[in-house]
Amino acid sequence: MEESMRTEETFSLREAITEVFPGKRQDIRTYSPLTLAYIGDAVYDLIIRTMVVNKGNRPVNDLHHITVKYVSANAQAKMVQALNEYLTEEEQAVYRRGKNAKPHTTAKNASIADYLKATGFEAVLGYLYLTDQMERALELVKKGILLTGLEL
């Protein structure tokens, strides 16, 4: 990570949100894979939107069209396939749980296989976010973008 991002005290968005909006404390390992994917989808979307906006001020419609190529189930499936050998054993276990979950919906423009792979990837990102491993989540997304050639 860039040196400018590091501070003596590490900021955790999850901890800040939990402090302002406290809830039930639960062991992350007991969360369903679809719950992990639910929050992971938002984490991934925030990472990609931030990356796109950081490239420069553009009309919102342009930002949306750029973002879509990263957040589609097809793109996420390609990323997680490229990242497979880089995932830790723990991340692979979360990925398998997410990929094997039985979602109640499917993607409009993706195969079921790609949708399930994307769900597994989102579960990994959700798990990393909920366990305060955002640097690892950012590392995986960056490496996935590089490996799949999806750079801006």
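This report describes the nonpolar core, the last helix, the aromatic and charged contacts and a few single residues of a predicted model.

## Basis of the description

Because the model is predicted, local features need pLDDT of at least 70 and side-chain atom pairs count only at pLDDT 80 or more, while totals for chains, interfaces and linings use all residues. Residues are numbered from 1 along each chain as its sequence is written, and side-chain values use heavy atoms, with hydrogens and water left out.

## The nonpolar core

The largest nonpolar core has 32 residues, and among these Leu36, Tyr44, Phe121 and Val141 touch the most other members. A nonpolar core is here a set of buried Ala, Val, Leu, Ile, Met, Phe, Trp, Tyr and Cys residues joined through side-chain atoms within 4.5 Å; buried means under 20% relative accessible area, exposed means over 50%, and partly exposed lies in between, with a 1.4 Å probe and protein chains only. Two or more residues of this core come from each of helix 2 (33–54), helix 3 (60–71), helix 4, helix 5, helix 6 (112–130) and helix 7 (134–148), and the largest share, eight residues, is given by helix 6. Helices are DSSP runs of H or I with at least four residues, numbered from the N terminus. In soluble globular proteins, nonpolar side chains tend to be buried together.

Valine 141, leaving aside its neighbours within four places in sequence, is in contact with Tyr44, Ile47, Ile48, Met79, Phe121 and Leu125, where contact means heavy atoms within 4.5 Å.

## Helix 7

Helix 7 has 15 residues and reaches 21 Å from its first C-alpha to its last, which is close to the 21 Å expected at 1.5 Å a residue; the expected span is 1.5 Å times one less than the number of residues. Its buried residues are Arg136, Ala137, Leu140, Val141, Gly144 and Ile145, and these pack against helix 2, helix 3, helix 4, helix 5 and helix 6. Just after helix 7, glycine 149 takes a positive phi of about 70°.

## Aromatic rings

The structure holds one aromatic pair. The rings of tyrosine 44 and phenylalanine 121 have their centres 5.7 Å apart and their planes at 75°, so the pair counts as edge-to-face; rings of Phe, Tyr and Trp (its six-membered ring) pair if their centres lie within 6.5 Å, with planes under 30 degrees apart counted as stacked, over 60 as edge-to-face and the rest as tilted. The pair links distant parts of the chain, since tyrosine 44 lies in helix 2 and phenylalanine 121 in helix 6, 77 residues apart. Both tyrosine 44 and phenylalanine 121 are buried.

A ring also takes part in a contact with a charge: the charged end of lysine 143 sits over the ring of tyrosine 86, 4.5 Å from its centre. A charge sits over a ring if NZ of Lys or CZ of Arg is within 6 Å of the ring centre and within 35 degrees of the ring normal.

## Salt bridges

Six salt bridges are present in the structure, each defined as a side-chain nitrogen of Lys or Arg within 4 Å of a carboxyl oxygen of Asp or Glu. One of them joins the side chains of aspartate 132 and arginine 14 (2.6 Å, N to O), and this pair links distant parts of the chain, with aspartate 132 in the loop between helix 6 and helix 7 and arginine 14 in helix 1 (residues 13–20), 118 residues apart. Aspartate 132 counts as partly exposed at 34% relative accessibility, whereas arginine 14 is buried, with a relative accessible area of 18%.

Another salt bridge brings together the side chains of glutamate 139 and arginine 136 (2.7 Å, N to O); because they are three residues apart in helix 7, they are separated by about one helical turn. Glutamate 139 is partly exposed, with a relative accessible area of 40%, while arginine 136 is buried at 16%. Elsewhere, salt bridges that share partners join Arg14, Glu15 and Asp132 into one network.

## Two single residues

Threonine 67 lies in helix 3 and is buried, with a relative accessible area of 7%. Leaving aside its neighbours within four places in sequence, threonine 67 is in contact with Asp45, Ile48, Arg49 and Val52.

Glutamate 85 lies in the loop between helix 4 (73–83) and helix 5 (89–99) and is exposed, with a relative accessible area of 66%.
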